[in-house]
Amino acid sequence: MLPTPSTSHVSFDTIYEPSEDSYLFLDTLSSASESAWLTTHFHPSTSTTTPSPSPSPLILEVGSGSGVVLAFVTANSQQILGRSDVLALGTDVNRNACAATKQTVLKAIEDHHHQQQQPPSTSPSTSPDLKPTITSTLLTDLASPIRPGTIDILLFNPPYVPTPELPSLPTTTTTTTDISTLSRSEKFEQESYYLSLTYAGGKDGMETTERLLGDIPRVLSPRGVAYVLLCAQNRPREVVERIRGWEGDGKGRWCAELVGSSGVQAGWEKLVIVRVWREFTI
Amino acid sequence: MKLITVNFLTCAVKGCKSAPASYPLHFRDAELELQELEFQPEFILNIIPRIDWEGLRVMANELGFPKIPDNKPEGDALKDEQLLKELHRLLLETHVVEGRLCCGNCGHEYMIKEGIANFLLPSHLGLMIPSVAYMNAC
């Protein structure tokens, strides 16, 4: 089993603490079947959609929070993608989460590297893996400043809990308040607000996920793959059917598949992960 | 924020998405910092094909970097280790810690603080969701 990145440096006052859904992400992406699929998909010689040499994959986690998922995929990219020349990018609406993600990813890359330097576990002829890197984390709503067609792997663990209302998004000025000047109750209010953004999904728990799904065709590269977590109340099977019906815009046919699940509630999986990608007919 | 990031960014304002002038974003008062990173020639070789070269040239030029080649290096040019080292330094080792990124289409400026660019929008520009517009109107 691949190691879970350390988040001991993260303060969870305003940031989502890695939970069952985060771990489902780690387990799904590192499962034998999913790693094999990704390795074939991003392997330089098996890829039919990219020029050679195959460009370094760019991985974006939207709403990265503590950064545990992005750090896991980036640091273990050799095992998960079959290559470690990857670039990581994170976004979040919470500045603390942006800072935490950067640190979690950097730390996981270093920890992975140190482990590799331990006495030989592999044959001496194996050349050491390249060290991946994080390009930055951005304070933003979803993927809004991402240039079209740039993302190769998009990861999204959304606020998926159905709630009567969706909390309003932070704006340019929301984050300028210095936390040290806040009274105890103001601080509590601010922390509750940021935590509500991590789980509250509005109608059917889908309001934020819908906006991200709508942006997937714009931001994914032709070889791009998105992983989105859904809960049973989000009606994942309907979501999958809907994605399969997206117009191909001349860049291949849209595919969606459930690739991971955890927990069973009244005969339905409580949480699932959907893989979204384009397929090309040659 | 590593300089390579700018190659993946455009203006966050919805109306700018289809405007060519919204890419690349332009730095204003950028405070740069060099953070050393191990040089891995194979990594840079795989990064080059995914770089939008014109966008990179504009950025390097505006930041006052020594001139980078007019065209994306290919073939034998990629055997030039000096060039790979320069690109490594520019793309992966150079960080922007403070400053602003400005959209050439709408003029909106995004603040960079402690290496984190803020792409949150003022409420009148953001929010692509009709339901929020509706809620605000009520």
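A residue is buried if 20 or more other C-beta atoms lie within 10 Å of its own, exposed if 12 or fewer, and partly exposed in between, with C-beta atoms placed from the backbone. The model is predicted, so local features need pLDDT of at least 70 and side-chain atom pairs pLDDT 80 or more, while totals for chains, interfaces and linings use all residues. Residues are numbered from 1 along each chain as its sequence is written, and chains are lettered from A and ligands numbered from 1 in the order written.

**Exercise 1.** Find out why A:Pro159 counts as buried.

*Solution.* Start with the loop between strand S4 (151-156) and helix H6 (184-199) of chain A, where A:Pro159 lies; helices (H or I, at least four residues) and strands (E, at least two) are DSSP runs numbered from the N terminus.

**Exercise 2.** Describe the side of chain A that touches chain B.

*Solution.* First, take the totals: 33 residues of chain A are in contact with 34 residues of chain B, contact being C-beta atoms, placed from the backbone, within 7 Å. Then look at the elements giving two or more residues: helix H5 (95-117), strand S3 (133-139) and helix H7 (207-219) of chain A. S3(A) gives the most, with 6 residues.

**Exercise 3.** Trace how S3(A) pairs with strand S4 (residues 116-118) of chain B.

*Solution.* Pairing requires at least two DSSP bridges between two strands. Here the strands run in the parallel sense over 2 bridges. Finally, pick out A:Leu138, whose bridge partner in S4(B) is B:Ala117.

Key:
Two residues are in contact if their C-beta atoms, placed from the backbone, lie within 7 Å.
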